[in-house]
Amino acid sequence: YETGSYQVKATLLTDDYSATTTTVGTIAVNGSKTGNIETAGDYDWLKVYFNAGTTYTINLKGSPSAVGTLADPIFDGIYDAQGYYVYGTGNDDYGLSTESQATFTPTTSGYYYLSAASYGSGTGTYQFSVTGQTNADLPANTSTTATIALNGTYRSQISPSGDVDWIKAS
């Protein structure tokens, strides 16, 4: 047996934003907010108000864009005011990047929650940004201003019944 001295240090880890509807994190449309994934498996929720019929683009960035230290931020998705996941709203690795981007057009106005996480056991800081654009009716002819890039996504609404929209592919 050997003997010797040692030192133990305890550090309290705090979570900046909880993954619940009681989170203190908020973000404004057309604004941004930074956060921190402090431990592996951490999820951060930010509260945002969305208007029905408006299309929102959500970006979650980290070290690839030099706005944080998180190497592979994952947009876990959107949760409704009661904390239920809105199916199909998450994104990981948008385009050729390890960062995330998604669009969402709510059918109901109200508060929603954006959820950030990290791939694997990664930790670090990230930046959420949210932009909103009201959907104008698209014409059904070559004068349309809507465009979509190869492998891109364009979301809009068909309204009223019988409406036809044209989108240019670029």
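Visitor: Among contacts in the protein chain between residues at least 6 apart in sequence, what percentage join residues at least 24 apart?

Guide: The share is 67%, where a contact means heavy atoms within 4.5 Å. The model is predicted, so local features need pLDDT of at least 70 and side-chain atom pairs pLDDT 80 or more, while totals for chains, interfaces and linings use all residues. Residues are numbered from 1 along each chain as its sequence is written, and side-chain values use heavy atoms, with hydrogens and water left out.

Visitor: How many helices and strands make up the secondary structure of the protein chain?

Guide: There are zero helices and nine strands. Both are DSSP runs numbered from the N terminus: a helix is H or I with at least four residues, a strand is E with at least two.

Visitor: What makes S4 and strand S6 a pair?

Guide: Two strands pair if DSSP finds at least two bridges between them. S4 and strand S6 (residues 110-118) have six bridges, in the antiparallel sense, so they meet that definition.

Visitor: Why are strand S2 and strand S4 said to stand at the edges?

Guide: Three strands form an open antiparallel sheet in the order S2-S6-S4. Strand S2 (44-50) and strand S4 (73-79) each have a single partner strand, so one side of each is left without a neighbour in the sheet.

Visitor: What percentage of the protein chain counts as buried?

Guide: Of its 170 residues, 33% are buried, that is, under 20% relative accessible area with a 1.4 Å probe, protein chains only.

Technical notes. Buried means under 20% relative accessible area, exposed over 50%, partly exposed in between (1.4 Å probe, protein chains only).
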